Structure formats: C-alpha cells, structure tokens
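Me: I'd like to learn how to read the contacts in a protein–DNA model. Could you walk me through them, one feature at a time?

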Protein chains: 4
Amino acid sequence: MSPRRRDTEGTAAARAGRRAELLATAAEVFASRGYAATTVREVADAAGILGGSLYYHFDSKEAMADEILSTFLDDMWAAYERVLGAGLNARDTLEAIVVESFRSIDRHRPAVVIYQNESKHLATSERFRYLNESRRRFQEMWLNLLERGVREGAFRADLDAGLMYRFIRDTVWVAANWYEPGGRLSADDIAKQYLAMFLEGIQANGSQEPEPGDARTS
Amino acid sequence: MSPRRRDTEGTAAARAGRRAELLATAAEVFASRGYAATTVREVADAAGILGGSLYYHFDSKEAMADEILSTFLDDMWAAYERVLGAGLNARDTLEAIVVESFRSIDRHRPAVVIYQNESKHLATSERFRYLNESRRRFQEMWLNLLERGVREGAFRADLDAGLMYRFIRDTVWVAANWYEPGGRLSADDIAKQYLAMFLEGIQANGSQEPEPGDARTS
Amino acid sequence: MSPRRRDTEGTAAARAGRRAELLATAAEVFASRGYAATTVREVADAAGILGGSLYYHFDSKEAMADEILSTFLDDMWAAYERVLGAGLNARDTLEAIVVESFRSIDRHRPAVVIYQNESKHLATSERFRYLNESRRRFQEMWLNLLERGVREGAFRADLDAGLMYRFIRDTVWVAANWYEPGGRLSADDIAKQYLAMFLEGIQANGSQEPEPGDARTS
Amino acid sequence: MSPRRRDTEGTAAARAGRRAELLATAAEVFASRGYAATTVREVADAAGILGGSLYYHFDSKEAMADEILSTFLDDMWAAYERVLGAGLNARDTLEAIVVESFRSIDRHRPAVVIYQNESKHLATSERFRYLNESRRRFQEMWLNLLERGVREGAFRADLDAGLMYRFIRDTVWVAANWYEPGGRLSADDIAKQYLAMFLEGIQANGSQEPEPGDARTS
DNA sequence: CATGAATGAGTGTTCATTCAT
DNA sequence: AATGAATGAACACTCATTCAT
C-alpha cells in the first residue's frame, strides 16, 4: 500500500468520520433539547466548533435531521427485513422484531427519540415524506403480523388489532427516552422483559409461578 | 340583585370563560405543532385575535403552558387521590388508576400531549418545577402499587419493577397522541383493553380461553 | 361625517401612507446603495425604525423591491397606453413617449434606478417574471414605433432598427441615475433636449433652423 | 538558457497567465451576477477551483475588482490619449473617441459592465478613488471637446452642454450591457451607427440622403 | 497551487413581548 | 378587550477570509 493510497483513504475516511461525529453530536442535542428548540449554535458548541462551520458539512439544520433519521430508518428496516425474510411463525417473528427494535434503540437512541418526538411535525415537509411512508409500512407490518398470529392461534382474538398495534409500537419506541446504552439492563434484557409483559401480562397466574393459592383465585 | 352586580358577575364569568376558551385553543395548537415550534401569533390566529391581544389575558407564552399543564395535573391528581383513598387492593387500584388515566386523556387530551412531549424541556425552568415533582410522585405511586401487588400475589414477581413502571406509564400517556375523544372507542373501552393487555398479555393461552394442550405449556 | 367614519378612514389612510412612506425610503436606499448591497437594517435605519419592524409591513426584502418596481411599471405603462391610444403619427408618438418616460423618471426616480441596475438579476426569480414581460412589451412597442416611423417617412431608413431601439431606450432610462427632481432642468425640459438630440443630432446643420418644407411641419 | 531559467520564466509566465485567466473569469461572473451579489465561491466554481484557492492569487474580492477595473481604465485612457494627441478637429476627435470607446467595450466588455453598474458604490472606498478621478477626467475631456466643437461650428450651440455630455457618455457605455463580441455587428459597425445617430439624428431629412452639396460628403 | 476545514462578522428573518390608542 | 405598530434579541444561514496540510 503506497503512502499516497493510504493518504487518500485516510482523507476520505476522515471526512466520513467527521460527518458521522458531527451527526452523532447533533442527534444527541436534538434528542435532549428537542429539534425545534435546539439552535444550530448549540449543536456547534457541543461539537466544539462555531455555528457557521456546521454549514461546511451540512446544507441546513433540516439536512442534519434528515440524515440522522434516514440513517436510523434504513438500518432498522434492514434488520426488520432480515427477520421478515426468515420464515418464522408469527410468535417468533414478533419476538425477533421486538428484539431488533430494542437493538435499534441501542444503536440509534438519539435518532429514535427524535423520530418519536418530532416526526409528526417534520413529516409535513416534503423532504421528510419518507417518515410517513415508513410509518405506513410499519403499521402494515404489525397489523399483518398480529392478524397472522391470531390465525395461527398464537395471539388472542378478543383484542382490538389496531389497539394492540399501537400498544406495542408506542411502548417499544418510547423506551428510547429512558434507555441508556451500557446501563444495568442490556437491550436484549429489556426486550426479553417487554416480551414477557406483552405476551403473558404482568398479572400473576398459574402458568407463570405455578403454585396453589394464587391471589387471583382467592 | 342590582343590574350592576349582575353585570359584574357576568363580566367576571365572561372573563373566566374567555380565558378558558383561549387556553383550550392554545393547548390544541401547542399539542398539534409542538410548544417550541408554535408561535404566539398562531395561537392568536386560531383564537381569531391578534398576537398582542393575548397579552391582555396572559403574561406570557410560558404562562399559558403553565396554566394548561397545572390544570391538567391538578385534575388528574384529584382523581388519583380519590382512587388511592378508596382502600382497594393493588389489582383493583391498578385498574382504577388506568381507567382514571384514560379519562384524564379524554378530558385533557391536548394538555397530555404537551405534557408528554415538552415536560422534559420545560421542567428545566424554575416555573415548571412542579412537573418534576409530579413525575416523582407518579413514579413513587406506581412503584409502591406494583410492589404491593407483588406482595399481595396479584402481580408477577419475576419482572423488573422499574421496567414494569415505565412500561405502563409510557403506554398509557403516549396514547394521548392518537386518541380522539368521541371516536370509535371510548376512554373506558380503551382502558379495558389496555388492562387486558397489561394484565394478561396478548398471547393466547388457557387462562384466557381455557383449552387443553395450550402451546405455552407444551 | 361621523367621527367614527373619519377615524376609520384616517386609520386606513394612515396605514397606506405608512406603507408608501417606507417604500419610498426603501427605494431611495436601494437605488443609492444597490439592492443586493443594501441591508434591511439600512433601510430601517433610514426609516427611523428597527430592522425587524419592517417585517410588520412587508413580507421580505424582495417584497419591497417587488412593490417598488411593479408600482412604477404599472404607472409607466398606464401613461404609455394613453399615448399609444391617442392615434398620433409615429413622430408625435415618439415625442410623447419620451416625454412620458422622463415624467416617469420624475415621479419614480429611485424605482427607475433600481429597475435599470437590478432587473437583470431580479428577473431570474419567479416573482419578478413580470420584469421580463415588461421588457418584451417595451421592445415590441419601440420596434413597432420605429418601423412605423420609417414607413411614414419620419425616421431614417438607413439605421439598424435594433440599434436605434437600444439607443433610445438606454439613453432615456439611464438618465434616472443623474436626474434630480426639482433641479435646474425639469423633466419636460430634458425630454425636449433629448428629443432634439435623438431626432436632429448634435451636429450643426441647416435643417435645425426652421425652414419651409421641413418634414415635421408637413 | 538553462533549464532552470526556462522553468522560472515558464512559471512566471504561467502564473501571469493563470492570473489573467482567473481575472477574466471573475470579470465575467461579476458582470453577469453583479459584484455585490457574486460570491467568491461562484467565481471559484466558474474557474474550477475551490473558494479558498483564489486567495493564493488575490488578496481579496476587492482586489479582483480593482485589477479588473484599473486594467480596463488604463487601456481605455491609453487609447484616448493617442486620439487626443493626434491634433484632430473636434468633430473628428469625437468620432475617434466614440470608436475607441466601442473598441474598449469589445476588449473589456465585462469590465465595462462592472464599471457601469458598480463604480458608484465602489468609489466610496479609498481603494477605488481612481474611479472618481477617471470620471472627472472623462467629464472634463468631453465638455472640452463639445465646447470646442461648438466654437468650431461643428456642433449645435442650442443644446445644453452638460446634457449632451451625459447623453453621449451614458449611451456609449450602457451598450456594454447588450454588446456581444463576435456578434452580427462589430464594434466599429456599432460605432459608425451610433455616430450617425448622435451627429445627424434619427429623423429623416434631405441632408441624410445623398445629394449634391451634402455636408457629409464634403 | 490547491484543498478542506474552520472562522466570525453579518444577513434576512422570526418572534415573544410591549404599549399607546 | 383588542388593535397596530414597534422593539430587540435571537435565529438559521451566508460568505469573505484564513491556514495547516
């Protein structure tokens, strides 16, 4: 490898690296202060540069949000596609999707927070139309999955499908607001517990802690 | 009753009515556009007056948010207190609290949305310190309730209490984002379905539709 | 006339008056410093208010330029139409058009300067498309007029029509750069002298001293 | 001649060539977009380099305009001096000056456009004081020439000298805005036609159509 | 010679707020 | 109660300029 080639690679890599670095910083700040309430200067301060300097790397504040969100969504959907293509039954698919969702939160926590809090407003702009498309696709995926689960006898038939969908969707994504990567519980730990709650409920019963004299029956 | 007195009363009542009217409008607009992204002029436009005229009724934009949120929280806590003072067991208390939460959403939907989306940022200001206090009180109430439920044998002991707390809290409040008062499902309907999901899970099993050979036990 | 009515009229008139006042100030500043090089604050300073206050009256800097230019063009074309509809021969029409042009300069000097210096750049924006239309219409009018004059035997046939058109057009409008309303020479004085130069040339010769059989009197 | 010397010469020549190239590009862009409205990056883009790289060649944006304008003015005045030193009568001097002016436009079209549009604003800066001097010298030259022409019986005495001066000055220079080098009419063609208009007017009369004893043919 | 990244002052514009009427 | 006009600080963004490489 010639020094020249190494140089070029280093430069290209460095550029991409700087971009990613700045985006990570911006995502963090947008997530914690809110996109609309965050000034470009605050992002720049957090990155240790001046406000105007961000515009060397990005076209606009909107462009930053765009890149943050689309990177997250692309990554998340890639993971979802792998799961959906695996030919699992509804129950196992749901488990895998939930696990992948928490892993997405783990990898893109600030982006998920932004998605959660701002996508409704952002989606009114042409540039963020893909947020609506993602939302539609997401809803379709979940409704299909839940209906299939009911047909397969894996999920209850007495619950409103639309409600179940919102219930799971909201609960998973909103967790990004408090999840801390590297904390006491890993993303997979949390996924496991959430699945237990989703699937079996928080109520004590025989099949969970098999013992006579369960309070529910008293 | 002199005409004068009646006049004064009428004026006072009218003033209070106008205030409430404007607050309702402001809450709607804050909820749909986001507090930070909403301009005072947008609120005024929605109310059919000019921007400056709002300052006859309110000291500031912050004061509007303050009144919207504290009105909602006062009302919600009053309902919670009634439940907590009723001497119910943990399981019934949980059901009643969830029901009251959805009723709060029904009565204060825009305020709940604002609370959900903005309280984290607003709470950094002195004026909104009570948001943090409410949050602490809320968390304490739930953790106590869940622990009591475990002791009473009503709730599973194998789940992380903190996780259960967040699970229920988030799921209930975030519903304000899509709930439409007067829609297909009433607040009480939704509460009932949510409770079914929380307590029993979405998975088909014997305790819900008792049948031998349930997949879970095989 | 009731005081009420007078009040309303006064308010409406005052509003229109303020607008016109600010536009006149803006036109002056744009004309003297150049549109692009003029800051909104400079316009505001000249008007004795703060930069942001201009935005109560106008949507944008561009909107000011727009209103300045379109007001001028509307007024000018109205005057031209009166002339063109009067059924004069080419020679008299040319004189009247030139006179009206200098009167337009007299009434809208700063606007004419802006038109002269900035219309080429402004016209690239959608909003100022009418500048190009006006230019096209202007050119058509002049070429028709000059050709008609040649047919009527009033103007020389040995000169390039396009060149004649540009010659007159440029020379008239560029005069806005130095013309001072209320100066030594009135707009009509200057028009008369310019017509003498256009029509007869600056060269001394016999045809300028009236003699029988002059084409102008035929 | 050593390779070294040749190299140095080549480099020096190349540098001067690159400079001239960049200046020509800059002049073109300044002329078409307006000096104030043109960004250094636009100039650099047009030259195929990055914005910062221009600063290897020039100290500042102002320095580019300076060099563009002074090069043009030096060249133009050199041509004027040759004419003025030739001992011609007023009439022939005027013709020669006009011809040289159109040749200057031919050689320096973008510079003339910049001069026309921006010199008023630029001249307020110390660095461009020479623009005012050139203007004064220009005016003096023309007024002297016109007055001499009147004394020599070549030009009409019934026209305002100041007006005649502005008339010719404006009309000639403003032509740079539409003149295209290499177009249908050469600079000398246009000069000839303009002189015909200036001197004889556009009005048809007997003296323009060749007849015995015509002053033009004598 | 040129680049890539940054600077920092300034630009058009927004907006919560004020206040005389 | 509400208006109309203004304020002034802040904002997103631009741009001439610098400089290490």
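This is a predicted model: local features need pLDDT of at least 70, side-chain atom pairs count only at pLDDT 80 or more; totals for chains, interfaces and linings use all residues.

Me: How far is a backbone N or O atom of A:Thr38 from a phosphate oxygen of DNA strand F?

Reply: A polar contact is a pair of N or O atoms within 3.5 Å; within protein, one must be able to donate a hydrogen and the other to accept it, and residues adjacent in sequence count only if both atoms are side-chain atoms. Here the distance from A:Thr38 to the phosphate oxygen is 3.2 Å. Side-chain values use heavy atoms, with hydrogens and water left out; residues are numbered from 1 along each chain as its sequence is written, and chains are lettered from A and ligands numbered from 1 in the order in which they are written.

Me: Which residues come nearest to DNA strand F?

Reply: A residue counts as near a strand if one of its heavy atoms lies within 4 Å of it. Of the 31 residues around DNA strand F, the nearest are A:Tyr55, B:Ser53, C:Tyr56, C:His57 and D:Val40.

Me: Now the protein–protein side: how many residues of chain B are in contact with chain A?

Reply: Contact means heavy atoms within 4.5 Å, and 49 residues of chain B meet 52 residues of chain A that way.

Me: And what area is buried between chain B and chain A?

Reply: The size of an interface is often given as the accessible area lost when the parts come together. Buried area is that loss for two parts (1.4 Å probe), summed over both. For chains B and A it is about 4400 Å², with carbon and sulfur atoms giving 57%. B:Arg156, B:Phe167 and B:Ile202 supply 18% of the area that chain B buries against chain A, more than any other three residues.

Me: How many salt bridges cross that interface?

Reply: The rule asks for a side-chain nitrogen of Lys or Arg within 4 Å of a carboxyl oxygen of Asp or Glu. It finds four between chain B and chain A. B:Arg184 and A:Asp160 form a salt bridge through their side chains, at 3.0 Å from N to O.
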